[in-house]
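Morning, everyone. Let me put the model up, and then we'll walk through the interfaces.

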Amino acid sequence: MISYILRRAMYAIPILIGVNIITFVLFFVVNTPDDMARMHLGMKRVSEAAIVKWKDERGYNKPVLFNHSANGAKKITETIFFQNSVKLFIFDFGRSDSGRDIGYDISQRMWPSLAITIPSLIVGLLSYISFGLILAFFRGTYVDISGVILCVIMMSISGLFYIIGGQYLIGKFLHLVPISGYDTGLNAVKFVFLPVLVGLIGGIGASTRWYRTIFLEEMNKDYVRTARAKGLSELRILYRHVLTNGLIPILTGVVVILPSLFIGSLIVESFFAIPGLGSYTIDAINRQDFAIVRSMVFLGSVLYIIGLILTDISYTLVDPRVRLN
Amino acid sequence: MPVIFITDFLIFLLLFGSIAFFLYARKQEHLTAPWKEIKKQPLAMSSAVILSFFIIFGLLDSAHFHPRIETDEKSENVYSNEILSVLDLLLKDLRLKTEKTYSAPLASYSFSKELIELEDGKKIRDYPRLLYGGANLDNPKTDSTSDIIKRISLGFLYGLLISSVIILLIIFSLSKVRNEKFIITLKKCLSKNLETNWMSIFITMSILFIVIAVIYHLSQNYHVFGTDKVGQDVLYQALKSIRTGLVIGTLTTLVMLPFAIAMGLMAGYFRGWVDDVIQYLYTTLNSIPGVLLIAASILLLQVYISNHANDFNSIEQRADLRLLFLCIILGITSWTGLCRLLRAETLKLREIDYVQAAKAFGVSNYKVMLQHLLPNVMHIVMISIVLDFSGLVLAEAVLSYINIGVDPSMYSWGNMINSARLEMAREPIVWWSLTAAFIFMFILVLAANLFSDAVRDAFDPRLREF
Amino acid sequence: MSLFLFCIGCDQSSWNNPYPHEESDELIYYDSFSERPKHLDPVSSYSSNEYIFLGQIYEPLLQYHFLKRPYELVPLTANNIPKPIYSDKNGGILPETAPEENIDTIKYRISIKPGILFQPHPAFAKDKNGSFLYHDLDENDLNKIYTLADFNVLGSRELQASDYIYQIKRMSHPRVHSPISGLMKKYILGLDELSKELNSLYSSDSSSGYLNLHDYSLSGVNLIDKYTFEITLKEKYPQFLYWLSMSFFAPMPWEADFFYSQKGFEEKNISLDWYPVGTGPFMLTENNPNRRMVLEKNPNFRGEIYPTEGEEFDEDLGLLADAGKKMPFIDKAIYSLEKESIPAWNKFLQGYYDTSGIVSDSFDQAVQFDSQGDAELTDEMREKGIQLLTTTTTSTYYMGFNMSDDLVGGDSERARLLRHAISVVVDYEEYISIFANGRGLPAQSPIPPGIFGYTMGKEGVNKYVYQWQNNKVKRRPVEYAKELMNKAGYKNGRDELSGKPLVLNLDTPAAGPGSKARFDWLRKQFAKIGINLVVRATDYNRFQEKMRKGTAQIFQWGWNADYPDPENFFFLLYGPNAKIDHNGENAANYKNKQFDLLFDQMKSMKNSSDRKIIIDQMVELVRYDAPWLWGYHPVGFSLHHDWYRNAKPNLMANNTLKYKRIDPDLRSEKRSIWNQPIWWPIVLIIFIGTIILLPAFFLYRRKENEQII
């Protein structure tokens, strides 16, 4: 097991190198160090000397990939690419172009993101599973049919509609929760409510439909028929057999997204002014602070790969027939 | 003087490609059988009708040209720099009838008060009359409701008339094809005794024709969906956005298709290091958060455009390039799913006897893939095209919201929502831009979802819902 | 959900209150900020969203009078407004009227008030022996330090003249970027030399660390005694006093600079850019730009007195109610991050922000115009007790032609006619009414109202674009523009030489939602005379690069006055300031010898009728050449609730928070009235849901029964 995880982790390294090269090329073609300097020095009265100084301080005055003037290993290490990318591998994110410590920022902004994503995930799973079960239970009746149609309709509505509508209705019209913002500790509850609700409603269509399919598949299996023949009540069958067996594909599907919960949601966070990693990234894109964007891309890739490994492990835990090799 | 944008070219390529595929598929038993299944489903057929209406609008909007300038000297044709499409010609009224600023749907007065100078030189602050909305009325306050009702009923009648004529024509030609009497075909249609569910097609078509006729009649004298901040007709914008939605939904898949198919087949067929490389490639791409990749690429394109500003002498061209680029980038972020599916399917297929036999006979790898494997994974490709469509249309709106979507000068539902989101705070609220965009998007995506469900069920019984 | 209900239930205040309940009765001012401040170091900060904070924390020598108009400088920490002393080459004192050629140096002798204390700060903390507690920290000591609040012992010190000198020297510090150092090197004697000296030091020894500026002398700035110092300028520069009121000239204690330059501090974001140290009425106690910034009353503040005189009507408006009282009147100011304008506006309406601007989209809700065209609040706002303040800003938004462009630029008659035609046809009156809800004044020249040199009425009209009719300014008709186009050889927008339609390019930094509407409108304007306008929107970086290279054709830009002097606007058109040649602020690259000569003359003059005559000549020159479409001067509208007192717009001063007063009782009363939660729709939804599911329940029962049978 451990050796498997180690091996998978080793596979991750070339992938992360690839990610790094792609992002580096993309962002440095887009934004030369000169651009960054101008962006950060402000709008009025900026001199050339100030730009040179800015690049100097942040190490952007080095050659991009290969340093001819340096000796030995420094030919590679004394370059922008090395200085900015390789350190990411030891999770040293360095400082943003505006001078902030990115690692510290990430450690601070992670929590608001989690405060949104974890409740969303839990509440979402619970309600989608119950809806799915209800539809499966009433299969073929008007509840099921209208439920499925409703799901398709809700799937077809843009997520932006839910956000704008939710803010308008619950925040502005009903005065139930603050429209946007964030606070720490227990005070966060009232801020978290609306984003979670919006996220929940936005995902209802697709997820309920999918879970319903899983449960129905399960219900048509032989053991359920046997149970039914034994005279077990439909409700018991549903809870005992269908739910427990149906949960396996659902939970293994969830595992892959677990790590990415840290990253938060770009849109929801910026609309509800949640100071999480999602809005951090959006801000960085808008401000063209690419040191941050690169770090976030790297973090995202790492978490994605962790998610893949976790999924594999969870498969073996659930189904002993799958071997890790 | 015609102008062909890159996306226009690709759209028509796609159109001819689809026709060619259709002709090819007609002879393939395993591809036609599921279609027969689909043709019987009422929802699927209604959706197909709606989709085809959207497609017609999209195609009309994809034929671009420079209009000629009317000049006094007759010797030489002079063309304007403006680029229009056939749809613009048809919607000339909507396009040119712009008000000064906001006006509500079907309104005759402006949305906000203005300083009006009366004839006697006195000034009052009131809602001014619109230039075009309700311009035929002398006294809109009393007459407009009856005028609107008159137009709606007139439109209803016209729509009913047109649709019944078309329906009768269709039944007539059907009866000719089937060598039956007209009445018999008619009865069969009504009792759903034909292989195609004509009844639902007719109903949907009539509804659409009636809606179009009503809107047409109203739009002669009103702004059906109101006007936006600079007085442009919202209905026109929503109609122009159809092309953008369709392009994103279809071209994205088209652009990535060759890669996804080639890579998926190769990975599954050759295995070994080819498989490793391809897997590495798509895991790497997959692990980069999609939005960030899109943001970077769009910025990259902007740099390119501003460095080569002189190569683009019209906004439309710049916008078109950006649209294409967006499709490519969306394709890059989304091809991996299909590639993985194809790889898994190929892994299974390559062990099947006839593929092994073909290999044993020394058929080249290239031929095996093209002749034996590709046709057998075509259904997966088709399913993923239709399934991706609605997601991409919705994605466009979200991307535009964070300013990395289509060009701001391009008509798209995302841009409409984006610029309208501040209007929600207005009091009284300006809801029509947002509503129009959401309604159009909703209808398209709903139709696409229903249709794709049917396609998936028909082609892949394993995934069928119970 | 139950947890949610529980938590909300224990909170007695309104449910949607974004702040803790306990805060409701305190003297706290609530506001929002939309963009994170980049620099809080007074020597590098140069943007209004940073001044919101810096202005309250740092105290430069001078300030603008809060109430008086036209804007007037008054002493802040200085004892009086310094007078220039002119001397010739030999050091002899010259009278004020001496001709400029004879003047060699200008001296300002400045003395500051004694007894002013810095805010409590760990940099000043000393142990029993009198040596600094936190000036010798290594990385181990920093292990448990994350923010400045983690230092337990705080200290203070009296403000001295040397703190001001230290700050002026910092403009030449090699590791600090000061946007005005280039400008100041031109004027302050020896600053350039000091900068070169320090730069050579820096490059030879690149290790970061403390650079004691007191060790290096700056010939133009001399300490006289503890409270007095002297600044020597190389050239006559009356505008220098305005600069003395900006935070570039705020005092900087060397202790703070030393403290922050210790190893490991910058990595933890503990730096001057992040934690200011000032003598002002407030100090920054929480700096979390991801969420909120908190200013708290500085306990060491000496207690400045609220001004006792103001403008004519200030007494009636209640602006002098606090006259002579000790400021500040509030204990705390909380600024919350608010990126989207809709939530910010709604929270203002719910009473959770004390003041608000008005974005274009909520304008009609807040403001209406009466029959005279004057702005007034809507009934809804008046019922809430909200109040409105308006003022024409000292800014200008213009559209410029790149004068080095072959087509639209240059001195040829043809290009000039084209520029005039475009100027006529871009209808800024309509632009203001559509996009700014009428909150703007079409500009007649670069000078906005409120700045010396602005001319009202008939004399101030730009006759190339407007005409005077019935005692009113009226834009010339489109026909006039078409005529100009004919004269220029662009009949119907087609070049008569080549027969091709005229295509022009507009470069503009793209700006989020709503920009499409603006671009459409602009194209409509140019289309009136047959010009096809291509809007090339790019990000701000790209835009600046284009401006620098001079590849733009037409562009949009704006300028905000640094100080109330016409020089600050005319220099945007001064030849030696051209963007492409000198990387200056003259983005249009306009060059006119006569104009430049007049500028040199006008620059150092005092406001007088002679100066006005020169200004009028300059205005006439640029109107004729039309390097800009003069655009418009925005009119600022701001709203505030009636529990917020002493509000008067002041465009120059940025330290106005100390004048403000809050009535927290009135605020919490109104908040609870405005924010009663509404429950019935939720109940209704649950009810409907139950009704829909009821038949299904019976269905289930029937099914179960069947099975049993």
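Start with chain A and chain C. On chain A, 60 residues are in contact with 72 residues of chain C, contact being heavy atoms within 4.5 Å. This is a predicted model, where local features need pLDDT of at least 70, side-chain atom pairs count only at pLDDT 80 or more, and totals for chains, interfaces and linings use all residues. Residues are numbered from 1 along each chain as its sequence is written, chains are lettered from A and ligands numbered from 1 in the order written, and side-chain values use heavy atoms, with hydrogens and water left out.

Now the area. Chains A and C bury about 5900 Å² between them, with 51% of it on carbon and sulfur atoms. Buried area is the accessible area (1.4 Å probe) that two parts lose on being put together, summed over both.

What gives the most to the side of chain A that touches chain C? Helix H2 (residues 33-41) of chain A, with five residues. Helices here are DSSP runs of H or I, at least four residues, numbered from the N terminus. By class, that side has 26 nonpolar, 16 polar and 18 charged residues. Ala, Val, Leu, Ile, Met, Phe, Trp, Tyr, Cys and Pro count as nonpolar, Asp, Glu, Lys and Arg as charged, and the others, Gly among them, as polar.

Next, chain A against chain B. The contact takes 42 residues from chain A and 40 from chain B. About 3700 Å² is buried, and carbon and sulfur atoms give 76% of that. A:Ser156, A:Leu160 and A:Tyr304 supply 14% of the area chain A buries here, more than any other three residues.

How many salt bridges does the rule find across the interface of chain A and chain B? One. B:Asp453 pairs with A:Arg209 in a salt bridge, the closest N and O atoms being 2.5 Å apart.

Definitions and conventions
Helix = DSSP H or I, 4+ residues; strand = E, 2+ residues; numbered from the N terminus. Salt bridge = Lys/Arg side-chain N within 4 Å of Asp/Glu carboxyl O.
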